[in-house]
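Please read the report below alongside the sequence and the model.

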Amino acid sequence: MSPVDGAGAVNPNLPVDRAVNEGRVPGRAEEQVPELHEVGCPPELQERIEALMGRYPDRHSASIPALWAVQERYGWCTPEGIRQAAAVMRVTPAYLESVASFYDLLHTKPVGAHRIEVCTNISCWMRGADRLLEAFVEAAAGDDENFFVTGFECLGACDIAPMASIDQRYYGPLEAAEAGVAIDQIKAGEEVLPEKALAARGLAGDS
Ligand code: FES
């Protein structure tokens with residue numbers, strides 16, 4: 001791939017970015033940027049990624065939000081979705097894979113449809129986060145298709161410790177016994193722990 005400037009124009013005077021061409025895996029053969037017509041990118045996804053690219057002077061800066069768009073559409077960063085985003089962004093799939101594999105919020109393998117992050121950092125840990133995480137893991141056990149439960153570093157809502165993010169909404173302070181309630185409510189399609197939802201308090205912290 002010839003070097004291109006931030007706007008995507010070919011500029012032979014720029015150094016070749018090996019990460020763009022080859023990803024960050026040493027010895028990996030040079031990979032081509034896929035053509036848009038080869039990848040079957042859904043028009044809505046293409047439009048969304050193009051809009052994201054338009055927000056930045058350098059299109060590479062749109063990599064994380066573009067991968068997030070892929071993940072929202074497919075549930076995780078599938079190889080096909082990454083190829084589609086790469087074709088729209090005019091970068092190699094290896095480049096986007098290297099970004100996706102670096103960030104915990106982006107998944108390069110299938111995960112459960114509902115994502116639960118239990119903060120285990122200091123404020124939450126001192127108020128029982130380990131037990132809370134254990135309770136969520138136990139409540140969701142055996143249902144990997146629907147639930148992805150993980151511990152996480154400080155989610156920035158220490159004042160409601162111990163807390164958890166459930167499908168990108170914040171809840172706390174939580175008792176371990178409420179983990180099972182939340183899982184049952186999600187399964188039943190009900191509102192999750194309305195009395196513990198940060199958004200319900202009219203605060204600006206709704207993630
Ligand atoms: S320590 Fe848990 S949100 Fe900050």
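## Salt bridges between helices

Glu38 counts as partly exposed, because its relative accessibility is 48% (buried means under 20% relative accessible area, exposed over 50%, and partly exposed in between, with a 1.4 Å probe and protein chains only). The model is a predicted one, in which local features need pLDDT of at least 70 and side-chain atom pairs count only at pLDDT 80 or more, while totals for chains, interfaces and linings use all residues. Residues are numbered from 1 along each chain as its sequence is written, and side-chain values use heavy atoms, with hydrogens and water left out.

The side chain of Glu38 meets that of Arg83 in a salt bridge, at 3.9 Å from N to O. A salt bridge here is a side-chain nitrogen of Lys or Arg within 4 Å of a carboxyl oxygen of Asp or Glu. Arg83 is in helix H5 and Glu38 in helix H2 (residues 36-39), so this pair ties together parts that are 45 residues apart in sequence. Helices (H or I, at least four residues) and strands (E, at least two) are DSSP runs, numbered from the N terminus. Arg83 is also partly exposed, at 34% relative accessibility.

A search of the whole structure finds seven salt bridges. One of them joins Arg48 and Glu72, whose closest N and O atoms are 3.0 Å apart. Since Arg48 belongs to helix H3 and Glu72 to helix H4, the pair ties together parts that are 24 residues apart in sequence. Arg48 is partly exposed, with a relative accessible area of 35%, and Glu72 is partly exposed too, at 45%.

## A salt-bridge network

Arg131, Glu134 and Glu138 are linked in a network of salt bridges. Between Arg131 and Glu138, the closest N and O atoms are 4.0 Å apart. Arg131 is partly exposed, its relative accessible area being 41%.

## Helix H4

H4 has 12 residues and reaches 16 Å from its first C-alpha to its last, close to the 16 Å expected at 1.5 Å a residue. The expected span is 1.5 Å times one less than the number of residues. After H4 comes Gly75, which has a positive phi, near 90°.

Which residues of H4 are buried? They are Ser63, Ala66, Leu67, Ala69, Val70 and Gln71. These buried residues pack against H3, H5 and H6.

## The nonpolar cores

In soluble globular proteins, nonpolar side chains tend to be buried together. A nonpolar core is a set of buried Ala, Val, Leu, Ile, Met, Phe, Trp, Tyr and Cys residues joined through side-chain atoms within 4.5 Å. The largest such core in this model has 24 residues, and Ile49, Leu67, Met89 and Leu96 have the most contacts inside it. Two or more residues each come from H3 (43-53), H4 (63-74), H5 (79-89) and H6. H5 gives the most, with six residues.

Leaving aside neighbours within four places in sequence, the residues in contact with Met89 (heavy atoms within 4.5 Å) include Ile49, Met53, Ala66 and Leu96. Another core lies apart from the largest one; it has 19 residues, among them Ile116, Val118, Phe136 and Ile183.

## A nonpolar surface patch

Phe102 is in the loop between helix H6 (93-100) and strand S1 (114-119). This residue is exposed, with a relative accessible area of 62%. Together with Ile64 and Tyr103, Phe102 forms a nonpolar patch on the surface, with about 320 Å² of accessible area in total.

Patches are made of residues with over 30% relative accessible area and no salt bridge, like charges being joined within 9 Å and nonpolar side chains (Val, Leu, Ile, Met, Phe, Trp, Tyr) within 5 Å. Accessible areas come from the Shrake-Rupley method with a 1.4 Å probe, and for residues only the protein chains shown count as cover.
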